[in-house]
Amino acid sequence: MLDYDFDESIGYWLTITTQRYHRAFNDELVPYGITFRQSQVLGWLALEGDLSQSELAGRMMIEPPTLVRILDRMQRDGLITRRPCPEDRRRKLIHATAKSKPVWGKIIQCAKRIRARATDGLTDRQQATLKMLLGRVHENLMPGIPTAPSDR
């Protein structure tokens with residue numbers, strides 16, 4: 001039998017919580033004809049501006065061919081365009097169109113409802129602590145941070 005202390009694993013809790021959060025978010029988006037992955041595309045474009053397909057795939061942690069199918073559908077629906085990069089014509093930059101703005105508004109509404117569900121029963125202070133702790137875990141896992149605990 002494979003043995004591991006899942007209940008004590010931060011990775012386990014982060015993973016299953018993220019999966020549940022994504023599933024709940026996707027369920028909220030269904031009535032609007034939007035997928036979680038499409039919301040991620042628009043989210044990254046809102047956060048960082050135009051991105052190349054490879055940059056976007058990296059941020060979404062998916063394979064480029066998977067992203068191409070998502071982008072094809074979004075382009076067909078008029079939510080994004082692919083533009084040549086001015087510095088490198090071989091690269092295509094993904095750009096959110098004006099038609100994506102009302103869709104983004106629906107995504108934000110869904111995100112706020114999921115955030116409220118996820119934090120139900122947590123005080124403002126607990127929410128701030130949770131964000132601080134998750135920020136610390138994120139920082140600890142950044143490239144260049146030593147992988148072994150140091151003697152402090």
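Start by selecting Ile80 and showing what surrounds it. Skipping its neighbours within four places in sequence, Ile80 is in contact (heavy atoms within 4.5 Å) with Val41, Leu42, Leu45, Leu71, Met74, Gln75, Ile94, His95, Ala96 and Thr97. A quick note on what's on your screen: this is a predicted model, where local features need pLDDT of at least 70, side-chain atom pairs count only at pLDDT 80 or more, and totals for chains, interfaces and linings use all residues. Residues are numbered from 1 along each chain as its sequence is written, and side-chain values use heavy atoms, with hydrogens and water left out.

Together with Ile80, they have the most contacts inside the largest nonpolar core, which has 24 residues. Such a core is a set of buried Ala, Val, Leu, Ile, Met, Phe, Trp, Tyr and Cys residues joined through side-chain atoms within 4.5 Å; buried means under 20% relative accessible area, with a 1.4 Å probe and protein chains only. Now colour helices H1 (10–29), H2 (36–48), H3 (53–60), H4 (64–76) and H5 (100–118): each supplies at least two residues of this core. In soluble globular proteins, nonpolar side chains tend to be buried together.

Switch to cartoon view and follow the chain from the N terminus: the elements run α-α-β-α-α-β-β-α-α. That comes to six helices and three strands, taken as DSSP runs (H or I, at least four residues, for helices; E, at least two, for strands).

Finally, zoom out. The C-alpha trace spans about 50 × 40 × 35 Å along its principal axes, and 23% of the 152 residues count as buried.

How values were computed:
Buried < 20%, exposed > 50% of the residue type's maximum accessible area, 1.4 Å probe, protein only.
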